[in-house]
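Here is a short report for a reader new to this structure. Look over the sequence and the model before reading on.

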Amino acid sequence: MLFTSYEFLLFLLVVFIMYYLLPGRAQWSFLLLASYAFYFMCDPRYLIFIMVTTVTTFFAAKKISDKKESFDAWFKEHKKEYEKEERKALKAKEHAAEKKIFLACLLLNLGILAVTKYTNFTIANINGIMASFGRPDGFSFVDLIIPMGISFYTFQSMGYLIDVFNGKFKAQDNLFKFALFVSFFPQLVQGPISRYADLSQTLYEEHKFDWRTVSFGLERILWGFFKKLVIADRILVAVQAIIADPDTYNGFYAFAGAMFYALELYADFTGGIDITIGVAETMGIKVTENFIRPYFSKNIKEYWNRWHITMGTWFTDYIFYPISASQFMMKLSKKSRARLGNNLGKRVPVYLSSFIVWFTTGIWHGASWNFIVWGLGNFVVIMISQELEPFYRWFHSKVHVDGTFGWRLFQVIRTVLIMSSLRMFDCYRDVPLTFKMFGSIFTDSSLAQLTPAAFTGMGITGFDYAVVFVGMLILITVSLIGRSGSVRGKIATCAEPVRFIIWYGLFMATLIFGAYGIGYSASQFIYNQF
Amino acid sequence: MKKFISIILILAITLTGIFFTTKLLEPKYMTGILEGAMIGEYYDDPTDHDVVFIGDCELYENISPVYLWENYGINSYIRGSAQQLIWQSYYLAEETIKREHPDMIVFNVLSMKYNEPQNEAYNRMTIDGMKWSKSKVGSINASMTEDEHFIEYLFPILRYHSRWSDLNSDDFKYLLHRDKVSFNGYYMRVDVKEATDVPEGRPLADYQFGDNAYYYLDKLTKLCKDNDVKLVLVKAPTLYPYWYEEWDKQMVDYAKENNLTYINFLEAQDEMGLDWTKDTYDGGLHLNLAGAEKLSKYFGDILSKDMKVPDRRGDAALEKYWKTVEARYEAEIDRQNTNLERYGNVHGEDED
């Protein structure tokens, strides 16, 4: 069920009405029911996968948590009976026992993710290797279900398991409450990847109807629909036309395609997250923000702190830090410092950890080499950027442009250009073609390509470009206003007629200029496929 | 109180805005494809028709109610629309019977060849013009293709929003009213394009009409019987879409089984004097005015003499009404003939 479908809107209306009609103590149970109904309507078979993840994670976390609790209680009582070394050994034994449960659950769930998403990718690679050794008759591909949003809910569940294992909080006692945390429908298919400690604060609470909260939620939903339907789905046609015909659309078109895709992806993904957060907000539930004006970032590192934030922090907290702090890395650090010197040696474990993080980030996005190379591309850019730090410091000591509007603008444009170039890997069918098209920007661009007829030949008209352009200006304006505080908060302080004109205008603009219904193919949110 | 007034005001402005935007964006069908406006026109006319024709272009382009009135005093109307499917005809018949209870309904059987929903654009041209009723809801539900949604019929702005870039002066001119485009449902063409090389129908794998088509034909038959309305099945005399003998036999059998009259006008072409070099405007697909008046004369004789449809000339109210239709009819003949002379087509300079 697409967020932009009539069915979803009807579903939402029914859920919303029922949610506030029910007694407060029944609200979370109803949300669980609604979430499972939502997933069932997407495809009934998906339920098996999410149930397996839910049940295994719940019981594993509960077992770990209970063991931890009983051990801590026992240890507190008996620790004086043991010597320091014995105490250490007891703790290690307990930790090892918990780790067994933890690893079993982790491997099972990551295994499900790996099998469903990466089996055919693995087969394709094995077949490729076999073919290069003169064995063209490779393995057949398998027809597997890939449950919608499996990457999101698996990561969310595993984050919870890791936190419980690390003793950050006690495991949830109620299976159904935990099931709601995993399956909460607004964020089920495209995130954000919420943390239990954050989401649980409002997810299970009783919520009374509050007009301000509800209206803020509705405004956020409307803004999400505007981004998705008016901007993303309208420019999507041109993006698809450029990607589908690389022989025709090379050179400057490839550059235009990369820019269009940057806009489409931003409007699509942030629009989807706006709808998610808005839907949750109408029910009084707070979902973590996933974007903070990422295209205003000064560099790629900052960009990744502001784009798909919950994914970035997940990889940082659950992969980068554990790997960096692992015994292997400690040993590596020691060795590399000894061999390469302190300055260079200390970077080896950091860079290796980063490499692993970006490799997994890439493959998390999709089972293809395009995404892996995209992830590693990000790694390379960030590493180069770090290595160039001394040069930047030297440059700014000589040229005093830092802090000026011009320099800031240059930085923002540079970030957008780099990220858009890397994202070309999302678009084209394979890595060599992506490099070829990127290269064509520099070798095949010509002024002759810049004709209006060429751009209106991509399936969208001059009117469509005008709508996208105006939509983009509105996006930029809202982002600029948002730098000094909540835009909705600011609108709320305006006089009633002004507020009405703003929201009614946005509603009518979405209704009229949205790319939906007959004549437009219903487009899935890009991040639904991850 | 102030809060209450502001809520009412907000609701009123919102709904008014949506209403006018919908009206603006809806297709008007005042030029070019006129067929989309024909179903809606019906509601403006007096409602005591003796004969109502229900069906596709084989009726609304081939029979002239004006001719039937002028020559037989038959007060009739064609509730026709492009590619009208049998379930749409059924629901139009249901609505018509509820609204005015005619003595006779004439149904063109070509649509029996369709067993499933076909085309969204044609659905719209038939259904959009209907007033909201149980019949309209039934027609929507029976007609929707896979891509369609009921809510888009309920709120047409959801369907027509993308017309914002196609708006023209007609959309503003006809924001709240429409001109008449037909003559009691008849779509007139005076030009000629002779029928040459009429192909035989290609063999079909299965000539049996579908279950769904028969289901609605049965419903139509029952509806008419239950309401004491005479149902007449006809097949217009146009050359194609090809009407197979196997199809014809099924209709003959059906009429016999259900005690209905079925007239295949294809078999009476010579009798009515149809000349395919002169009586069609599109090579045999539809009749032009000359052809339509020949068919109307032939059928008018049957309706009047055999079926005893009353001559209502002399009814002052009807005379007055038909006078206005006749005046428009004659004016349209003049307009099309003038355009033919000047521009070589009936539409005139600005249209193709």
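How many salt bridges does the rule find across the interface of chain A and chain B?

## The interface

The rule finds 0 salt bridges between chain A and chain B. Polar contact is present, though: 6 residue pairs make it across this interface, both residues at pLDDT 80 or more. Keep in mind that the model is predicted.

Together the two chains bury about 1,700 Å². Carbon and sulfur atoms account for 71% of that area. Chain A brings 19 residues to the contact, and chain B brings 22 residues.

## The chain A side

In chain A, Tyr6(A), Phe500(A) and Ile518(A) lose the most area to chain B. Together they make up 37% of what the chain A side buries. Three elements of chain A each give two or more residues to this side: H1, helix H22 (462-482) and helix H24 (496-513). The largest share comes from H24(A), with 8 residues.

## A nonpolar patch

Chain A also carries a nonpolar patch on the surface. Leu10(A), Leu13(A), Val14(A), Ile17(A), Met18(A) and Leu21(A) form it. Their accessible area together is about 580 Å².

Leu13(A) sits in helix H1 (residues 6-21) of chain A. Leu13(A) counts as partly exposed because its relative accessibility is 49%.

## A buried threonine in chain B

Thr96(B) lies in helix H5 (residues 86-100) of chain B. Its relative accessible area is 0%, so Thr96(B) is buried. Leaving out residues up to four places away in sequence, Thr96(B) touches Tyr42(B), Val52(B), Ile54(B), Arg79(B), His101(B) and Pro102(B).

How values were computed: Residues numbered from 1 in each chain as written. Chains lettered and ligands numbered in written order. Predicted model: local features only at pLDDT ≥ 70, side-chain atom pairs only at ≥ 80, totals over all residues. Heavy atoms only, no water. Patch = residues over 30% accessible without salt bridge, like charges linked within 9 Å, V, L, I, M, F, W, Y side chains within 5 Å. Areas by Shrake-Rupley, 256 points an atom, 1.4 Å probe, with all protein chains shown as cover. Salt bridge = Lys/Arg side-chain N within 4 Å of Asp/Glu carboxyl O. Helix = DSSP H or I, 4+ residues; strand = E, 2+ residues; numbered from the N terminus. Buried < 20%, exposed > 50% of the residue type's maximum accessible area, 1.4 Å probe, protein only. Contact = heavy atoms within 4.5 Å. Buried area = accessible area lost by both parts, 1.4 Å probe. Polar contact = N/O pair within 3.5 Å; in protein donor to acceptor, adjacent residues only side chain to side chain.
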